[in-house]
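Thanks, everyone. Please look at the screen.

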Amino acid sequence: MEDLITRPIEEVMESVEGVREITSTSAPGGSSINLEFEWGTDPDERLLDVINKLQRVRNLPAEASDPDVSVASTSSQPMIWLVMVPQEGRIANANEYRDLVNDILEPELRRVRGVSSFIIAGGQEREVEVRIDSQALADREVTINQVTNAIRQTNRDIRGGPLVVGRREYRVSTVSRADQISDLENIVLRRNQLGTVFLRDVAQISLGRKVKDSVLLFNSQESVAIGIIRQVGANVPEVSQGVRDTVARVSQTFNALDAGVDFVTAYDESDYIDQSVALMRGNLLTGALLAVVVLLLFLGSPRSVAVIALTIPTAMVSVFLVMTALGRSLNIISLAGLGFAVGMIVDNAIVVLENVFSHLQQGKRPIQAAIDGTSEVATAMLGSTMTTVAVFAPIVLVQGEAGQLFADVAITLASAVLFSLFAALTLVPMLCGLFLNQREVQLLEQGASAGRNGFERAIARASTVFQAIQGRLEQFLLHTASWSIGVGKMGRRLLVLAIPIALLVVGIVLLPPADYLPQGNRNLILWLAQTLPGTSVEEAIALSEAPRAYVQSLEEVQGVFFVNSSQFKAMGVFLKPEYANGKGLEQTVGKLIPASFGFPGYRFMFPIRISIFQDPGKEFEVRMTGPDLKALAELEQKITPQLQALGGVVNVRSDYVAGAPQLEVRPTQARLSELGLSTLDAGALVEAALGGSLASDFVEGTEELDVTVKLKGSQVETPNDLRQLPLYSPSGARVQLGDVASIEETTGPDVINRVNLERAITLTVSLAPDAPLSTLVEQAQTQVLDPLQAQLPPGERLELSGSADKLSETLGQLGETFVFSLLIIYLLLVALYRSFLYPVVIMMTVPIGLTGAVLSIVLANLIPGVSAPLDMITGLGFVILVGVVVNNAILLVDRALQLQQDEGMDYHHSLFEATRDRLRPIFMSAGTSVLGMLPLAVIPGEGAELYQGLGIALTGGLAFSTLLTPTVVPALMGLLYDLRGKHLVALSGDDVVQPEKVKV
């Protein structure tokens, strides 16, 4: 298979444009070749290129079937598994179920929009059996090869060219394909002076079953399952609904046929998505409600809160329009982006409303207060909004699987913030001018006594209590800020400067090791069960009885299936809904790991949770490539125990299975020549006796059946039976196969894997749930691979792959994105303030926010039952914080410069007044942002494992920076004055008087 099929196709595929890696698996009876392309490659164009290249492949064996080419992606795994079970009182029949699937169910499912292909497991497929009588062949001097070739050449249609007759054009074709099985009987095998030999003279033709080489058991009953794979980009809930409707319709057909079978949906990916979306919808509403509650407590006026709250649905609807225009779907990650945006959306509106209130308190009319209040903070809002949006520009440049997730978050957050700025500059001022008046000011100043009704008075009383507490916090922060503001306090300001520097060092020290991507909480555990080489299907079923009984005894288990085939050997475990969460899945895996060592007959057993991503975060691969498979196997024996010795490694398993028992038939050329036979005759005899030789195909209705040539009356159950197979010479002499060939028992690989046209062995290293991927990858590289790499002979290589490769690539891209975001924000602030110094002050708040994110992750992991690894989605939060935490500093710096330039206020005094003026809007915007995101950070459930770490990082970083920014920024502004003096005053363009000591 490797030399005749895999290698010729690989050599042609190597020239396909954009190919990143070619991997293949050669197994008895089949070859699978995967082409991985660079990100950004158009799959449809490459598909056409691959098909064209396949047509150039020459010299493939005649018995090789046409290749099946399909576009695969991370979604090219079955999204639904349907299992057929007998109705009550009926007996299961896997073969009949397979016929029902092939004849009725599969054609119906192909009509479902979004369905791509299927995986059918269990039962024996039908075929047309041509059973040869060896004696009859010998009597007529015909060989098995002649039979196979005659069927192959006769049973087909040959397309001809067009024939133009006048104004009419005929399409000419030679029709020779059999319409009925009886047509095959009339195929002529030989016609000469000795007479005509038909196929019916030497064979019996009938419908039969293929050799049983696989089995599927569902809850201990042999059955048939069909896995449905969706098209790339197809919507999972829509496809799932279409499949359910089709299954309901087909069930009625089966009942009408009295098939006695029902369907069980063993697994449906849409269930996970529906539950995740429902949780996200609740988080969105909870976050929005919490944001509104915060506003009510701060403002004490329902009408004022309504003015701000209206920006939430306005921005959300606008985001949906942007997502539609860009062709993005509303998935779990993009909905999480909306959840994070709920609190941030109202930030700009809060700043506008708070400033409008300030102007209303000065006695201005509502419309004039709205105009003046909005124009006064427009620059600061523009700066803070642009810094937030600017962060997301480099994020969309990240490639790979993680990059697709980053893009969804970036698009939703960026568009939501942009629309919130537009609403704050247009909608909010208009609503303020229409609905606000001096009475709203009185509500703030007079508290509960200003309420018109019981509801307003209750809100006002709660607001009064809250503002008293919040006022104490403001006074504390003002006192803290004033500690370093004023003349002669340079030492204090230097001490404050040490805060962000020290926090940066603390953050680096406490930074947890990185992981790749979360696993997700799909309700499916695969207990990999690799039997010893040479184990038959029936023996595999017998061996599986004990582990299947153990799994079914677990109270949390809802269903179990067992699959044994040449490509896949495992037990699938489905949990009851109440256990189908991260904790329940992890506990079940924890039970199966120690039980894996208690069952004999297995090469290894190991449970894994099925990740929602292609490369799970708790596994990485070590790949060995080279020309000599035996040398690679020896290298595997050295590496495996060293990897298993690393702390945090649970299991190391190989895709190379050695020791598979084989029988090699070696013909004796001289003896065959004496009898007038060839090696092809001996090989055809063996093939016909064991499984049969594929000669052609036969179309029956909508199903295409194989036409297989088999040896009649042969029961080969032992190697000795193989030696005694009768072989007839053209002269009629009868000999046994053992007389013309030696049959040797040997061992060999079960499958041969190749990477980039080289033989390869891949070790999959599974980690404990709390083991960090980056740490184990580094240890594997430095402690295991590097020492061995230096000892390898030329042509052999050792390298990390899988999640390790993706982690390294994504970490590099995320690091570049982080640096690029810092640079963009700094340059944007330089352009906004026309100064290189003020942006430095603002950017000093970044390490504060990052440290807060690190501390929140560390503290969250100390809580029992909470896991917040620093995966790549969580790492995205650090990039987002760069653009978010600077907003508060922008408000302070912008206000201080306004007081200096517009009101001629003393430099140091302006810092204190700016802090006092902006503390309230800072607390309001930070409070709504933190509480708006809080449900995503603390509420567990389906899908929460994807974004919970990101929520913890954002809420912790923003809250921490909010508390420290009012202290750090004024001190750093004062330090700038100490270092730059009058030159700094010239930069701000004011004529200030000698600074005076600030008193609070």
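First a term: a crossing is left-handed if the near helix is turned anticlockwise from the far one by less than a right angle, and right-handed if clockwise. Helices here are DSSP runs (H or I, at least four residues), numbered from the N terminus. The model is predicted, with pLDDT of at least 70 needed for local features and 80 or more for side-chain atom pairs, while totals for chains, interfaces and linings use all residues. Residues are numbered from 1 along each chain, and side-chain values use heavy atoms, without hydrogens and water.

Now the pair. The axes of α12 (residues 332-345) and α33 come within 6 Å and cross at roughly 155°; axes are lines fitted to C-alpha atoms over the stretch in contact, with angles from 0 to 180 degrees between N-to-C directions. So α12 is roughly antiparallel to α33, a label for angles over 145 degrees. The crossing of α12 past α33 is right-handed. On the α12 side, the contact (heavy atoms within 4.5 Å) includes Gly339 and Phe340, and on the α33 side Gly932 and Met933.

Next, the cavity. The whole structure has three cavities of 30 Å³ or more, a cavity being a set of points on a 1 Å grid over the protein atoms alone where a 1.4 Å probe fits but cannot get out.

Notes
On a 1 Å grid over the protein atoms alone, a cavity is a set of points where a 1.4 Å probe fits but cannot get out, and a pocket is an open set with protein on both sides within 12 Å along at least five of seven lines; lining residues have an atom within 4 Å of a point. Grid points are joined across faces, edges and corners, and a volume is the space filled by probe spheres set on the points. Helices (H or I, at least four residues) and strands (E, at least two) are DSSP runs, numbered from the N terminus. Angles under 35 degrees count as roughly parallel, over 145 as roughly antiparallel, 65 to 115 as roughly perpendicular and the rest as oblique.
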